[in-house]
Amino acid sequence: MSAPKAIIQMLTTSTRIVYRAFGDAYKQALSNSAAAQAAAGNTKAVAEGDRMSQASGITVDESTKILNIEDPNNKDELSKKFEHLFNANDPKKGGSLYLQAKVIRARERIEMHWAQEKLKAEQEELMAKQEEQHTESEAFEDKKADSSGKESDKQK
């Protein structure tokens, strides 16, 4: 066997080996990612399409745990806990910048939750008004049809 032919064979064989190794590593990474999400309980948020949690990287439940609050809708409790934890983790007072950032992100996520809830309520209100208007227009059309039917009976 000539030297160039042997070199080409070695290159093709090693390329195949490396290609298969990368393919297997990618498959393993995907399965590890899915297992990690399932173990962390993040599949529910992803399945429900909670874009805010995906965008912020934190869920409302995690935010309530970080801020140690019971109800994410209680603005007074949130304000008090946020101020306390923010000041307690101030780096100038020997606190942790990382923890202070987590407290800020938790408050921001709960505020996003409030905005989401407000938007949902406004949309539901708008849908109710539209349904009411639709019902009223149907009733008007029915009355109009009844009155035109009576006029045609009178003409006969």
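Mentor: A contact means that heavy atoms lie within 4.5 Å. The model is predicted, so local features need pLDDT of at least 70 and side-chain atom pairs count only at pLDDT 80 or more, while totals for chains, interfaces and linings use all residues. Residues are numbered from 1 along each chain as its sequence is written, and side-chain values use heavy atoms, with hydrogens and water left out.

Helices here are DSSP runs of H or I with at least four residues, strands are runs of E with at least two, and both are numbered from the N terminus. The protein has six helices and zero strands, and along the sequence the pattern reads α-α-α-α-α-α. Of its 156 residues, 14% count as buried. Buried means under 20% relative accessible area, exposed means over 50%, and partly exposed is in between, with a 1.4 Å probe and protein chains only.

Start at the N-terminal end of H5. Asparagine 74 caps this end, with a side-chain oxygen 3.3 Å from the backbone nitrogen of aspartate 76. For a polar contact, a pair of N or O atoms must lie within 3.5 Å; within protein, one must be able to donate a hydrogen and the other to accept it, and residues adjacent in sequence count only if both atoms are side-chain atoms.

Next, the length. The expected span of a helix is 1.5 Å times one less than its number of residues. For the 14 residues of H5 this should give 20 Å, and the end C-alpha atoms are 20 Å apart, which agrees.

Now the sides of H5. Its buried residues are Leu78, Phe82 and Leu85. They cover an arc of only 80° around the axis, so they sit on the same side of H5. The arc is that of the directions from the helix axis to the C-beta atoms. An α-helix has 3.6 residues a turn, so residues three or four places apart point the same way. On the other side of H5, Asp76, Lys80 and His84 are exposed.

Where do Leu78, Phe82 and Leu85 belong? They are part of the largest nonpolar core, which has ten residues in all and also holds Ile58, Leu67, Ile69, Val103, Ala106, Ile110 and Trp114. H5 (75–88) and helix H6 (97–155) each supply at least two residues of this core, and H6 gives the largest share, four residues. A nonpolar core is a set of buried Ala, Val, Leu, Ile, Met, Phe, Trp, Tyr and Cys residues joined through side-chain atoms within 4.5 Å.

Isoleucine 110 shows how the parts meet. Leaving aside residues up to four places away in sequence, isoleucine 110 touches Ser63, Thr64, Leu67, Ile69, Pro72 and Leu78. Of these, Ser63, Thr64 and Leu67 are among the buried residues of helix H4 (residues 60–67), together with Val60. The buried residues of H4 fall within an arc of 100° seen down the axis, so they line one face of the helix. After H4 comes asparagine 68, whose phi is positive, near 55°.

Past the other end of H5, asparagine 89 lies in the loop between H5 and H6. At 14% relative accessibility, asparagine 89 counts as buried. Again leaving aside residues up to four places away, asparagine 89 touches Gly95, Ser96, Leu97, Leu99, Gln100 and Val103.

The structure holds four salt bridges, each a side-chain nitrogen of Lys or Arg within 4 Å of a carboxyl oxygen of Asp or Glu. In one of them, glutamate 108 pairs with arginine 105, with the closest N and O atoms 2.9 Å apart. The two are three residues apart in H6, and so are separated by about one helical turn. Glutamate 108 is partly exposed at 30% relative accessibility, and arginine 105 is partly exposed at 43%. Another salt bridge joins the side chains of glutamate 111 and arginine 107, at 3.6 Å from N to O. Being four residues apart in H6, glutamate 111 and arginine 107 are also separated by about one helical turn. Glutamate 111 is partly exposed at 35%, as is arginine 107 at 24%.
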